[in-house]
Every structure is written in structure tokens, then in C-alpha cells.
Amino acid sequence: MAWFRAASGVARHAVRRHLARAPHHVSRPRPVMPPARGFHSTALRPKAAPVPRPVPLSRLTDSFLDGTSSVYLEELQRAWEADPNSVDESWDNFFRNFVGQAATSPGISGQTIQESMRLLLLVRAYQVNGHMKAKLDPLGLEEREVPDDLDPAFYGFTEADLDREFFIGVWRMSGFLSENRPVQTLRSILNRLEQAYCGSVGYEYMHIADREQCNWLRDKIETVNPRSYTRERQEVILDRLIWSTQFENFLATKWVTAKRFGLEGAETLIPGMKEMFDRAADLGVENIVVGMPHRGRLNVLGNVFRKPLRQIFSEFSGSGNKTIDEDGLYTGTGDVKYHLGTSYDRPTRGGKRIHLSLVANPSHLEAVDPVVVGKTRAKQYYSNDTDRTKSLGVLMHGDGSFAGQGVVYETLHLSALPNYTTGGTIHIVVNNQVAFTTDPKAGRSSQYCTDVAKALNAPIFHVNGDDMEAVVHVFELASEWRQTFHTDVVVDIVCYRRFGHNEMDEPSFTQPKMYQVIRNHPSALQIYQKKLLDSGCITKEEIDRIQNKVTSILNEEFNNSKDYVANRRDWLSAYWSGFKSPEQISRIRNTGLPPYGSLYILYACLDSVKPEIVKRVGEAITTLPPNFKPHKVVKRVFDERAQMIQTGEGVDWAVAEALAFATLLVEGNHVRLSGQDVERGTFSHRHAVLHDQETGEIYCPLDHVIMNQNEEMFTVSNSSLSEFGVLGFELGYSMENPNSLVLWEAQFGDFANGAQVIFDQFLSSGESKWLRQTGLVCLLPHGYDGQGPEHSSARLERYLQVSWWGRGNMRRMSDDNSYVIPEMDPTLRKQIQECNWQVVNVTTPANYFHVLRRQIHREFRKPLIVMSPKNLLRHAKCKSNLSEFDDVQGHPGFDKQGTRFKRLIKDQNDHSDLEEGIRRLILCSGKVYYELDEERKAADAKDIAICRVEQLCPFPYDLAQRELKRYPNAEVVWCQEEPMNMGAYTYIFPRLSTAMKALGRGSMEEVKYVGRPPSAATATGFLKVHQQEQRELVQKAMQRDSIKFP
């Protein structure tokens, strides 16, 4: 229906002008509506009608798509009658059809072309705005003004025209206009339009630019009987609705004062979801990942995901943490029952099985959205679902949060990006018509809470939540749309909340009129039962039988819940089998390159000399195709990299990172790096993707490490300009399979706080709350280079956050105890397993290489926060030799710590195990080390030792004590670039004091501080001030006099 979609505003004004002049036009007085209180509650403001400007005939196009002016039509008709070839082909077809039909149908002989055009505009108006007339509010509180263009009188039609026959043509279009019925009465046309667009479902789809998609929907919407279900199907739907309703009633009876965020008022959600999953399975879906808020979660867990009802009931009784004793008991802190997730293999009505995953989430509404999408994308990768038809993401939303939370748009915005798309997500909005206590008119500026989805050209189906079969219809339609067009789709269930935000809340304080109606409103089950009884589809006895069955099962499960004990902790999927919990000892592994294994298989021609293996991998990532023409600067960079590999010396940060990625790929691991500008790197250092300067073609060396490499096995992708959404996506991606290195890099570490919810609610506490591990790596550029307060600090202190002035007042994101030294014996050490995450600030390329590989070469997973460098990327001293990358014992790079990552790097002056002549031991982290070392050389301060704490969290007590013993007479100083109230100082101070106290080295006052003074801003914005501050702090660290506390 191309001309419908292309009708211009100028043409529309021309029609209005003509109709206004028509003597038979009937205008209706419109009542003034009071402010709305329903789901549409944003009041419609009257607008002055635009004054149409006359458009010269010469400016109107010659196509049927745009022709609507009556004068223009008459001119075209006369021109066509004189010479059919003088008009556009579309008009030729229209006039031929019209004249031919008029000759054979006397009833339309008096009809004008203008009337036909008006009628077609009326059809289009229903397709565009019919939802405004739909009966969507189950409470009947909606007060929406019906648009003028849905009134036949607007087009000049009167009651006398209802039974007249009108010519509407034969078009290449869908819906009832495609039925080869060119002549229909106005009454039949209006009845069809009212039935299709103004019933219990309101469709918004005419904003979609794709004609095929619109035609597909028209066929589905305008069919004569879109929702006709057999008796057997209705009985299944009724059974599911009874389960949904009885579940909530049972909980309300047994736990009267408990918060459960019940589904009362939206019980049709459960049958709708089940029917949607059944239909999706029929269309080829095998995995569904679901994210949802707390409202209705218990009902979804019990009735959709089949979580044992006795387990849910036991959690209400407070006994949900009991488990059978097992090796490595994994309990964590737990979370409230309406935040928990689960997984289940569910049989479908069609005889198939579908795997369902419900992702655990916090109370932060919509925060789980990108996590679900990322997990879905990972499932598609690991199942080789390149068509993206086997794994589906489903996101459930509240009306207030869908309109109000920015992460909703950030997630929607990922939907069509090549390295983030999942082939479409189904969004379900449980529209309570109120957000906690806030009316929609105060909670959004748009008419619908779903309007944000129009930016993605997603169809939106608004449905009355009391119409059970209408809900089932749109849920099935959503599944069909997603599997057909692989784009997002939104289902908006307009319902209500029978109680308050929770069951203890009193909603009448703020919505008295709404709750007067709700108190007397029948449930969806009562409405559907009455419909089936009135139609004779089911008997009262059959309904009672189902009710009694459900009640009996609920009571039986309740009785069994009293002694319920979980058999095992549900935290590992098949991919995670064999991975350790924090209570189980995991052996420490080296991260250098092994002599044999997959690397040896790949390069079978090589002997077992491991440095040679490193070189071969290095050659693969520094060699470009012979005809590829990169930028001359990039060409020089790659020539220098090749030289590093060839000589084995001067390996810089970017090459070390590429070697870590390449060796993990060779070992069969998936590597994925995303973030803003990561392909080149914010600081133009990575160059993971190269661009041919003549053809524009791209080349990624890491895509060619092994033969026949899967194109997604290594993925590096520039992301949208989003932190919250993209970090959440990568978190979800990392949770699917432990055999992958997933990294997110912030453009500057300062910007990571745009994703603070993901750090706080998921990364730092997710394992403790929900028993879900992740090995996600966050690269946060950090360092004081004089770039000002927004480009200096990744806010290291936040990831180490702890209030250390008293044991009883600890709030932190890293959860190790600053006053207790854990077991540090290498064979028993579980310190890193028992902490919530790792925070590092490494200073050498080789150490960066090893810390990345360590993420994979262990039997558990922990998030890794890396204060990645800026200045050190090209620092002349920040280099490593290839000998530091392999496992050959005896060479200078080998570390006797047992792991190849050095948690603490001792002083580089080759001191003995006991150095009594050293007067000061400086402990530091990050790039300040190189400035301190340079100042030490300039001052010839050979009696000062400098050690680098590469792993800040968990704190390396054993290595810190090793250095304290080495320098028994040394003054102990912590030096940092950051202000005193930032950086690592407040985290290091109590732990270093604890380590010293255990060695009898005095009180807390023995730990001295060198760095910037406390500050509100992270850094100065003046370069000269920065340089002066930097000089002063390194000079103070080297001063002859003792440093005063603190």
C-alpha cells in the first residue's frame, strides 16, 4: 500500500481544505475532556488547526502516491480521458479500474473519484489511529478523545451513505483490501475497520517504513476471525488462567503480611506467556532467556518456569537456605525471593521441549535488560545459531520504568547493531496504569509508555488485560513477528494492580477513584469463565474440576514445603560443570605458554621450544595481506610490532594484549572485546581493525590466528555511546560460558560511572546474592597526565571502597576483611576465590598478558577490574621481553610465586633477602612507579626501595610481608597520584597496617602517606598545576627527612 505510506502533509492539508468547503460535510461538536487518569493519562492539549497554504499545481507530483487535491484529481482525470499515457501508470490503473467498475455496477455510477479517495484515507486513518478508539482499559477509566480522522463525517460521509456501494479498487496490498472486492458498502467497510482496530487490541505499526512488514501485519489484523479458538484450546487457556489466579490467592491466604508483589489484576500474563512460548517453540525456538521485575515474578517462577512450589513456599517460611550437605557448600548471602532466577526445560503444548532461563535481577528496574540480551547473544554464538532463530530474549517491563529508565533505550538501541543484535527481543509491558504512586501524566510526556519503541520501528500491540483470548492472540502474534522479521516487538498489557505497590501498601492514599473501581471489578478469571459459560463452551462442573485440582496440588505442595531441603545449589549450567565454588580449593596454575597441547598441534612443524611458539603466534598477528594498504602510520606501527616479535625485545602494551588474545584463541577459547572506539583504541594504540586506505576494506589480524577460524571466535567491536547498556550486555554474555574472555573497555575510566548500577548490583555482589560467577574484564583507563578532572581517574577508590576508621562501620564494594590476614599458603590459598572481585593496576605488558590469561586458566571465575594505562601505552620504560611470556623456568622472566601473574613486583635493584641498609620502602601502584624510579635515579637514592602492588584486591599480604621482612629498618610509605580521599590509600592503609602488626612492626601510624591532599575534584584542570603537584609528590617520596604521618 505504497501510496498510503507516502501521502505527504501537503496533500493531507489539501484534502482537509476541500472537505471543509464541501456542502455535505457534517461537523460534530467535541466535548471537552477532563484530565485523564488512566493509562493514557497525559491530557491532550488543544492545538490550533494549521492553516493550509495553497500549493501550485506545478509543485504537486504526478504520482498516485501523492495526489489528493480535488482540483488536481479533476485535472488528472481530464488529462487521462484525453490521453491515458499522459498520466503516471498508477493513475492510469486507478482510472481504468474506476471506469470499468462504474460501467458494471450502477450503484456507484454517481460516485466521484474524490469520494473514493476519501474512503481510502478513512481506511488509512483506522490503520494509523484506530488504537485511539480501542477499548484498552479494563477499568473503563480511560478518557481519550477520538481523533477527527476516524469520523466518517470528517470525509464528507453522512448516515445516508452507510449502505451505498463505494469503489475502493483492486490494489497490491494486504488486509481486507486485498480480497478482490473492489466494491463494498460504507457500512461493511466501517464494521471491518472497527472490528480489526477498535476492539480489545490497539495496533501501532504504521510508523514502520518497511512495506512488507506492514502488509504482513495487515493480513494478520484485518482477517475476518483473527481469534477463533477450539473448545480444547479454550480449556487449556482456562486451566492456565486458573493456575495463575489460584497461586496468588493461595499466597495471599497463607502469608497475609508478606511482601510478594503479586500479579492480581494482570493474571492473564501467565497464560499469555505460556502460549507465546508454545508458539515460539513451534517456530523453531529452543532457548528463551527472560528478564523481568519483581511484580508477578513468583507466579512466573512457579507457573511458567515450574520452580517447585514447595521450594517457593519454603522461602516464604524463611527456610529456603537449607541444603543437603555437599562438598563445597555454596550459599552466599542470598536475596529476597522475588529477585531470584532459575532455569527449566519445559515441555510445550506442541510436544517439543524448550529451555527457559530467568535471569536474577535487583530492584533496579530495567537494569537486567541488557544482561538478558547479552546472554541471549552468547547462547546464539555457542549454539552456532547464525540465523538467530533458536535463542530468544524476552523482557518484561513496568509501564513507569519502560517510559522512564534510560537503559531501556540503550538496550533497544543495540537491537540492530551487528555485534549486538539477537534477531529481535519480545518486550512485554505489564501496564498497571500507575507507577508505585505516580500517575502516568506525571511519569511520562508521551501518550503511551511504549512510545520509545517507535524509534526502533517496532510494532506495538496494546491489549486489554481482561480479554483473555485477545492477550493470547497478541502474544502469539509477537512470537510470529519475531521469528519472521527478526526485530523487536512490544506487547502492552493494559491491566491494573489490585493492591498497592506491595501487599502492605495502601493505594487509596494517592489513587482513590481508581481503587474504588478496582474493589468492585471482577477478576480476569471471572470474566473469562462467564464468557465460556455463556457461550456453552464449558460447563460449571468442568470449571469446578479444574479449580479443585489446582487447590489440591497447592495444599499438597504447602504441606511438603515444611520439610523441604534442596538437593543441590542451582548455579552451574552445563558449560560450568566442574568449576569451583568459593568453598572449594582450586589449584593455582601458571599462565605462561605450555610446551605442547593445542599450540603444538597447530604448529606441528615446530619443536617444543616455547619462545619459538610465542614468535609464531606473534607473526600471525603482525602480518598483513600483501595487497592490503593501511594508513602509513599504522603500517609503521605494525612494522615495529613485527620487529618486537622478531627480536623478542621491547614488547609494548598493545602487542602483549594481542598475544594474550591470540594464545587464548589457539587454545580454543572465545575472546570478545567491546566498548567505545575499542577497534582502534581511544589512544590510538590497539589497531585491532585496520582500514585499507584505497578500498575501505577492513582487516583484523586476530581473525586469522588459526586455520578456518570462526568469524566470531574473536570479536572486537566499537559499541554505541553507552556505558550502562553495553556493560550490562557484556556481563550477560560472559555469564553463559566460562571458556571465554569477555572484556569491556571504557573510553576513559572516568566514564564507567555511567554504568554504576551494573557494577554495584551485578558485578560486585551478583555471586554472593545469586550464586552466579562471571569472568568479565573491565578495562578502565586511569592515570594522572594533566588531562583534567574528567580524564584522569577511573575512580579506583570506588572499586576498593571501604570505610576504615572503625571495624563496625564497613561499607565496601570489595569484600575482604582489612583486619584479618587470610590463609596465604600456596597449596591452601582461597583468598581470591572468596573475594567478590579482583582489582589490578599493572605496570608491565607481560603482567597484563598474564592477568588476562589467568582469567581463563583457573577453575573458577571472578570479575577483573583493570586500571588500564594511558601514558604507559607508549612509555619508553614500559616494555617487556618475550622471555617473560612463556613457561621456561630459569629465564629472567620466570616468577617463583607459582602463578605467572605477579601480584607484587619487588624492587628492581636485585636486593637480597635481607637489606638492613634501606631507609625507606615505597609501595605504589600504576604509572607513578616510573616517575618515582626516575626521581630516585636523579637523586641517586640507592637507600630507597620501590615495590609495585600490581594486585590491589585481594591484597597480597604474603608478598607485602615478604618485602617488609626484606627491609626491616625501612620507613614504610604508600605513594599515589590520586588525592588522599581517592585512589587506593584508604583501602591499602588498614591492610598494610595489619600486615605490619603481624610482623611486630608497630602501629597504624607507621604507614606514611605521599600523594595529593584531599580534594572534591579528582584532578586539577590546569596543566602547569598538575605538573607542579606531580613534581612535589615524587620529590617528597625521595626526601631525606622522615615523612610525617599521615
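Which side chain meets that of R686 in a salt bridge? The partner is E745, at 2.9 Å from N to O, where a salt bridge denotes a side-chain nitrogen of Lys or Arg within 4 Å of a carboxyl oxygen of Asp or Glu. R686 lies in the loop between β11 (670-675) and β12 (690-691) and E745 in strand β15 (residues 740-745), so the pair ties together parts that are 59 residues apart in sequence. R686 is buried at a relative accessible area of 5%, and E745 is buried at 6%; buried means under 20% relative accessible area, exposed over 50%, and partly exposed in between (1.4 Å probe, protein chains only).

The model is predicted, so that local features need pLDDT of at least 70 and side-chain atom pairs count only at pLDDT 80 or more, whereas totals for chains, interfaces and linings use all residues. Residues are numbered from 1 along each chain as its sequence is written, and side-chain values use heavy atoms, with hydrogens and water left out.

The protein has 33 helices and 24 strands, taken as DSSP runs numbered from the N terminus (helices: H or I, at least four residues; strands: E, at least two). Of its 1046 residues, 59% count as buried. The largest nonpolar core has 140 residues, and L659, F759, L780 and L932 have the most contacts inside it. Such a core is a set of buried Ala, Val, Leu, Ile, Met, Phe, Trp, Tyr and Cys residues joined through side-chain atoms within 4.5 Å. Helix α23 (residues 653-666) supplies the largest share of this core, eleven residues. Another core, of 98 residues, lies apart from it and includes L119, L122, I221 and F475.

The count of salt bridges comes to 52. One of them joins the side chains of K220 and E480 at 3.4 Å, N to O. K220 belongs to helix α7 and E480 to helix α16 (residues 468-485), so this pair ties together parts 260 residues apart in sequence. K220 is partly exposed, with a relative accessible area of 30%, while E480 counts as buried at 14%. Elsewhere, R233, R240, E275, D278, R346, R349 and E476 are linked in a network of salt bridges.

E222 presents another case, in the loop between α7 (211-221) and α8 (231-254). E222 is buried yet has no salt bridge, and the nearest side chain of opposite charge, R218, is 5.4 Å away. The side chain of E222 does make a polar contact of 2.9 Å with that of Q127. A polar contact is a pair of N or O atoms within 3.5 Å; within protein, one must be able to donate a hydrogen and the other to accept it, and residues adjacent in sequence count only if both atoms are side-chain atoms.

Methods: Lys and Arg count as positive and Asp and Glu as negative; His and the chain ends are not counted.
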